[in-house]
Amino acid sequence: MVFSLMSVTYGATLCNMLAIQIKYDDYKIRLGPLEVLCITIWRTLEITSRLMILVLFSATLKLKAVPFLVLNFLIILFEPWVRFWRSGAQMPNNIEKNFSRVGTLVVLISVTILYAGINFSCWSALQLRLADRDLVDKGQNWGHMGLHYSARLVENVVMVLVFKFWGVKVLLNYCHSLIALQLIIAYLISIGFMLLFFQYLHPLRSLFTHNVVDYLHCVCCHRHHHRRAENSEPSFEAETRQSIV
């Protein structure tokens, strides 16, 4: 099990480096030891905590956990197809010259299943775009990444709470609260290393139109302006009433 986890983490780290190369294929990418170490810690904590949470959640609910996990996988699986159908684009028929339309469809389904399998355990580092000939979105989509990690964090917290309150004593000498807290902290630390990489260690961060801090600042400013608008409406109504009186 340890070797399997190590191999999955190693594969995810390589996929992360490959995703950078695919997005910026016009540039020569070189990752130093510090960048590789940051990616390795990020992926190790993310995958380990995610798989442990899935295992404990499945051990707690047993067969009752199957519908939740299957629904989760199906949402990830059909999300690229829903975006493809909503865009109204035509199916790309030039992925490979030797492929027929049926062969292209089989390739797209296979890629989608692989994409869903990766995103089920960790972030795939690429957003699948079926309408594009390259099949991937080469832009730095902060919204997609933020949505993925936000949804996964909420989902992990829910599964950990299920394990804490309804789980059997699967580990001796450990309380459920401590295990739940450690898993959530490990996932949060992995998000921290991910933000650290994209903000300071990404080899082509100078090409970003906006970085992580800009995106977080934009979200915070939007909420702040929204609250100010809500708070200003009652005062405006009060002033209007006083002027009428």
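Visitor: What does the accessible surface of the chain come to, and what share of it belongs to carbon and sulfur atoms?
Guide: This is a predicted model, in which local features need pLDDT of at least 70, side-chain atom pairs count only at pLDDT 80 or more, and totals for chains, interfaces and linings use all residues. Residues are numbered from 1 along each chain as its sequence is written, and side-chain values use heavy atoms, with hydrogens and water left out. By the Shrake-Rupley method with a 1.4 Å probe, where for residues only the protein chains shown count as cover, the accessible surface comes to about 15,500 Å², and the share of carbon and sulfur atoms is 67%.

Visitor: Which pattern does the chain follow along the sequence?
Guide: Helices (H or I, at least four residues) and strands (E, at least two) are DSSP runs, numbered from the N terminus. The chain has 7 helices and 2 strands. Read along the sequence, their pattern is α-α-α-α-β-β-α-α-α.

Visitor: Which residues does F197 touch, not counting residues up to four places away in sequence?
Guide: Contact means heavy atoms within 4.5 Å. With residues up to four places away in sequence left out, the partners of F197 are I20, E35, C38, I39, W42, H202 and P203.

Visitor: Is Q127 buried or exposed?
Guide: Q127 lies in strand β1 (residues 127–128). Not counting residues up to four places away in sequence, Q127 touches R83, Y115, L135, V136, D137, N141 and H144. Buried means under 20% relative accessible area, exposed over 50%, partly exposed in between (1.4 Å probe, protein chains only). Because its relative accessible area is 9%, Q127 is buried.

Visitor: Is W85 buried or exposed?
Guide: W85 belongs to helix α3 (residues 65–87). Its relative accessibility is 58%, so W85 counts as exposed.
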